[in-house]
Amino acid sequence: MDGHVNIDRDDKVVAAAVVEERVNNKGVKKRRKGTPQQQEEEEEGGGAMPPTPSQEHDGERGQESETPYPSNHPREGSEAGLVKRLPRGAEGSGDGGGGGGGGGGAPSDSHPPATTLVPAARSNAQDPRRSQQQGEWVEGEGGDEDEEEEELKYGAQHVIKLFIPVSLCMLVVVATVSSVTFYTEKGTYLLYTPFHEQSNAFGDKLYDAVRNSLILLGVVIVLTIVLIILYKKRCYKIIHGWLLMSSLLLLFIFTILYMMELLRGYNIGMDWITIGIVVWNFGVVGMVSIHWQGPLRLQQAYLIFIASLMSLMFIKYLPEYTLWMVLGVISIWDLVAVLCPKGPLRILVETAQERNEPIFPALIYSSNIMYSTLGAADSEETTTTSNNSNSGQDGARGDDRAGAGQEWSQENGFVADGEAGFTQEWAQQADQRAVRRRDQVGNHARQQPTNTEPSRPQPHPRDLTAQEEEEERGVKLGLGDFIFYSVLVGKVSAYGNWNTTLACFIAILIGLCLTLIMLAIFKKALPALPISITFGLIFYFSTSQLVAPFTEKLASEQVYI
Amino acid sequence: MTVAQFFGCGLLAFGPPVAMFAITIATDPIRTIMLVASAFFWLLALLFSSILYCAVVQLQDTIVFGLVFSVLFQELFRFLWFLLIQKAEGGLKKVSDGNVQIVENKHILAYVSGLGFGIISGAFSLVNVLADMTGPGTVGLKGDPANFFVASAVTSLAFTLLHIFWGVLFFNALHRRAYLQLAYVILCHLLASGITLMNPMYGLTIPTVWVLTVLSGGLALVVAGGSHSTLAAACRPRHPPILRVPTPQLTSQDTAL
């Protein structure tokens, strides 16, 4: 793979090559240490072996062909990031490392269990490459420092790439909550929260909240297990359908509800025909861009919007104490599910890695590219990406090197052939993409079966994934993290004290930052909720109880500190 | 009037800091992270001073007590933040990704963390007032000062700027072991906060606070190596380098074709 990567670099600053390198970031780092010679060797080896495995993989996986998807994503993401990363790679010779990464991938395959776990947590789609990377890490001892440095470098930018969407999501929620009273009115609650905290006693409310949140947690756990079972049994169509239904509901019904409340809040009149046309167009474009392809920005915007809608639903339909309790319980569940050896999310990720399958696109936010979507704009790039993704999948399967080699070779061929090669491959890739998408959808569904449902807590696994891939694909963050971050900030803003809202916002960002730092240190998938939500809760309660009296006194007397 | 006042005061207080953020901070991921982190440290300082304020129930009516300890806590956390940055310098070098500027020029980090302190403190002192500004209703009808909002905005802008200057002075003092500057920062902070105790005598407090702001700004400029010539150079319009297309090649190709 290294060779391929390098070649790609040499040939062009092809996005695909970059992607691969990124994917193999760790490998890349090693490569740096390893020096060009090693890279070349790796490349050669990869090139020779790869073709068959990758092909085999493709043939085997009708659905699994999707697996390439993940690889595509990283590649695409890397492509997107190429401009930025390339310079870095040049600086650190990280690009060269990409080849090493490929080599590492092969070893990783040999050590599937240990390496796999970590990658799995990160993201299914990336798993193959991740496993490779991990393997590389293990193998390339000397390169550790370099690798770390690279990770840190990528880290700073990726942190910002997560800060922006998280902030946007919170902004939408906070703006809606503070301008439309509908979302702060009480009365209707979710089916899962039968205890409505109607007593005035604090103890009773707390008791209700505990019972509600345990019920909700139970629903989440059951759905997660159902998802895992479905996934294990390879019921991809069910998962895919589940995911599609969820996004369909969110994009149409919830959007209509949201629009109506927005119009009502601002007292604007609008006829049903207009609303119908607007919602239809909005929803269809959303479905296409999330599940099929579309501009990256559009896809990200839709994901952020979906997350905001979900968190608004939580804010509206969860009783007050229950909401706080749910935030805490979900964070703990996230921690357990991701880090426990037998944690459901971990099992999910491991399974996905074993199958070399991608992550569900609809449920994860990627700072770079979710799937091969980018290809739409640049057909050539897409093809290369798809190839890369395929190779990535293959490599993950255990024939990482060989698969990678094949893929790479394909990519190279693309480059050389130009348009003609592109079309054929492109067509093939298109099929693969579809499969991948399905797989991804299925994966997403598995991870977060309850997407549409209020009990989305499952997304946590995604959280893990999001961080791992920083280098490779860019950062990924589960939509569930977006949702619960926004729920916290939105709920706080509903109380009307902007100081607490600000404090929670900063606390969550810092928590996210710390999580990413830990990601760089531990190099394995981590839950994104616990630190941020803990910080957020601490700062909410302390600010509202301790700081608010002080700052109000200061503000009213116009005393500045 | 209420909405107009909201935008007026909001832009007055947050316009300059936001412009600074957009121009000098937002373009660099590391600076952005440092900004958020320093804001977090300010929050911690506020949290601790609030805990102290709430714990000492007897003194809750005398705001002076809370003020003094809050200022001391802020400077303490500024110091802790400085220590943290010092410890993380090695990591910063790696993260800076070839952009050695942020590590080599200590004033950049000082400025960034000062801005972080300033923005969050300005926001904390003004956001709730701003939220009230949009109405319904306004202040000043029952003999209260009618220019409460404007005065708040102007003073909080002064404090935002002061925090930036203090950040630069404070970090510089620690780097060069110039403890006089350190004392100046702490005393100036105490003084500026103390002056606002005299509100609502705006005629006295606002000019004094702004004099301190200008003074601190001048000191920070000198400390950071600024002078008349550098100021003049900064004010002079800079002409961006003009990119020239290698026309000769094009023409040759054209002719060849």
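**Ground rules.** I number residues from 1 along each chain as its sequence is written, with chains lettered from A and ligands numbered from 1 in the order in which they are written. Since the model is predicted, I note that local features need pLDDT of at least 70 and side-chain atom pairs count only at pLDDT 80 or more, whereas totals for chains, interfaces and linings use all residues.

**Chain A overall.** I counted 21 helices and 2 strands in chain A, taking helices (H or I, at least four residues) and strands (E, at least two) as DSSP runs numbered from the N terminus. Buried residues, those with 20 or more other C-beta atoms within 10 Å of their own C-beta placed from the backbone, make up 68% of the 561 residues in chain A. I call two residues in contact if their C-beta atoms, placed from the backbone, lie within 7 Å; of the contacts in chain A between residues at least 6 apart in sequence, 83% join residues at least 24 apart.

**Annotated spans.** From UniProt (unreviewed entry) I took the "transmembrane region" annotation of chain A, whose spans include 162–183 and 321–340; such annotations may be inferred rather than shown by experiment. Residues 162–183 of chain A are 82% helix and 0% strand, with end C-alpha atoms 26 Å apart, while residues 321–340 of chain A are 95% helix and 0% strand, with end C-alpha atoms 28 Å apart. For chain B the UniProt record (unreviewed entry) places this feature at spans including 6–26 and 108–128. I find residues 108–128 of chain B to be 100% helix and 0% strand, with end C-alpha atoms 31 Å apart.

**A helix pair.** In chain A, helix α13 (residues 296–317) packs against helix α19 (residues 479–494) at an angle of about 50°, the axes being 8 Å apart, where axes are lines fitted to C-alpha atoms over the stretch in contact and angles run from 0 to 180 degrees between N-to-C directions. That angle makes α13(A) oblique to α19(A), as angles under 35 degrees count as roughly parallel, over 145 as roughly antiparallel, 65 to 115 as roughly perpendicular and the rest as oblique.

**Between the chains.** I find 33 residues of chain A in contact with 43 residues of chain B. On the chain A side, the elements giving two or more residues are α5 (68–92), α9 (144–179), α20 (498–522) and α21 (529–556), and α21(A) gives the most, with 9 residues.

Technical notes. Buried ≥ 20, exposed ≤ 12 C-beta atoms within 10 Å, placed from the backbone.
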